[in-house]
Amino acid sequence: MKRNYTNLNTNKLSSTETITFDKSLYLVTEALPKLEWDLSHADTLKIGTYICNKATTSFRGRNYIAWYTNDIAITFGPWKFHGLPGLILDMYDETHKFEWIVTKISKKVINEKTLNQDKHDVNIDLKAFVALREEVFNKKMNNFKNNLKSRQDRGTNVSVDTFNKRQGRELLFEWEDKKQ
């Protein structure tokens with residue numbers, strides 16, 4: 001099961017992750033991201049019984065829109081989003097490829113020990129996880145390409161277009177060259 005845990009005492013975020021073509025479950029840890037929010041929007045939206053304000057931010061290569069309510073003074077939201085003056089009830093990227101919407105609000109005490117009882121195989125930091133994920137994917141694609149070539153008649157030219165561009169929620173990381 002996918003879980004995220006934010007530890008405000010250590011400013012760390014832990015999440016369980018998987019890698020396509022790999023059966024391991026990873027517990028990925030990273031520093032809580034620093035987000036720069038633009039709160040200058042005058043737009044409001046009613047979600048359920050809450051009046052929400054609009055905020056925007058750019059995060060790891062995508063532009064996101066958040067709708068948060070000041071009626072619940074909790075500075076959290078979904079996934080890695082936090083730091084607004086109220087709870088984020090709706091969050092999406094500008095293409096609407098990724099969206100999170102609150103469906104229920106309840107108070108439940110959960111501690112880190114309970115969350116980390118997941119049967120993960122590997123503890124890893126975010127930078128190492130991203131490198132491993134890309135290495136596993138590239139290796140699998142190269143094996144596919146070589147397998148396809150080996151099945152062709154002699155003299156047949158085979159080319160396989162591979163996607164070197166990330167497709168997920170995070171397109172560019174802080175440690176990478178911004179010119180990519």
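D90 is found in strand β7 of this predicted model. Strands and helices here are DSSP runs, numbered from the N terminus, with at least two residues (E) for a strand and at least four (H or I) for a helix. D90 is buried yet has no salt bridge. Buried means under 20% relative accessible area, exposed means over 50%, and partly exposed lies in between (1.4 Å probe, protein chains only). A salt bridge is a side-chain nitrogen of Lys or Arg within 4 Å of a carboxyl oxygen of Asp or Glu. For D90, the nearest side chain of opposite charge is K54, 11 Å away. In that assignment Lys and Arg count as positive and Asp and Glu as negative, while His and the chain ends are not counted. Leaving aside neighbours within four places in sequence, D90 is in contact with I47, I65, A66, W67, E99, W100 and I101. Contact means heavy atoms within 4.5 Å.

Residues are numbered from 1 along each chain as its sequence is written. The model is predicted, so local features need pLDDT of at least 70 and side-chain atom pairs count only at pLDDT 80 or more, whereas totals for chains, interfaces and linings use all residues; side-chain values use heavy atoms, with hydrogens and water left out.

Five strands form an open sheet, in the order β4-β5-β6-β7-β8. The pairing is antiparallel. β4 and β8 (99–101) are the edge strands, and each pairs on one side only. Neighbouring strands of the sheet are turned by 35° against each other on average, direction ignored. Such angles run from 0 to 180 degrees between N-to-C directions, with axes fitted as lines to C-alpha atoms, for helices over the stretch in contact. Strands of a sheet pair through backbone hydrogen bonds, either parallel or antiparallel.

Two strands count as paired if DSSP finds at least two bridges between them. T44 stands opposite N53 in β5. The bridge partner of I47 in β5 is Y50. Two residues lie between the strands of this hairpin, and G48 takes a positive phi near 65°.

The largest nonpolar core has 14 residues. A nonpolar core is a set of buried Ala, Val, Leu, Ile, Met, Phe, Trp, Tyr and Cys residues joined through side-chain atoms within 4.5 Å. The residues with the most contacts inside this core are W37, Y64, F81, L84, I88, M91 and W100. β5, β6 (62–69) and β7 (87–93) each supply at least two of its residues. The largest share, three residues, comes from β6. A second, separate core has nine residues, including Y26, V28, L126 and V136. In soluble globular proteins, nonpolar side chains tend to be buried together.

W100 belongs to the largest core. Beyond its neighbours within four places in sequence, W100 is in contact with Y64, P78, W79, F81, L89, D90, M91 and R169.

I72 has its place in the loop between β6 and β7. I72 is buried, with a relative accessible area of 15%. Apart from neighbours within four places in sequence, I72 is in contact with Y50, G86, L87 and I105. The C-alpha atoms of I72 and P85 are separated by 8.7 Å, and the two residues are 13 apart along the chain.

The structure holds six salt bridges. One of them joins the side chains of R60 and E170 (2.4 Å, N to O). R60 lies in the loop between β5 and β6 and E170 in the segment after α2 (126–150), so this pair ties together parts that are 110 residues apart in sequence. Both R60 and E170 are buried. The side chain of R60 also meets that of E174 in a salt bridge (2.9 Å, N to O). E174 lies in the segment after α2 as well, so its pair with R60 ties together parts that are 114 residues apart in sequence. R60 has a relative accessible area of 8%, whereas E174 counts as partly exposed at 46% relative accessibility.

A further salt bridge links D93 and R62, with the closest N and O atoms 3.5 Å apart. D93 is in strand β7 and R62 in strand β6, 31 residues apart. D93 is buried, with a relative accessible area of 1%, and R62 counts as buried at 10%. Salt bridges that share partners join E30, R60, K80, E170 and E174 into one network.
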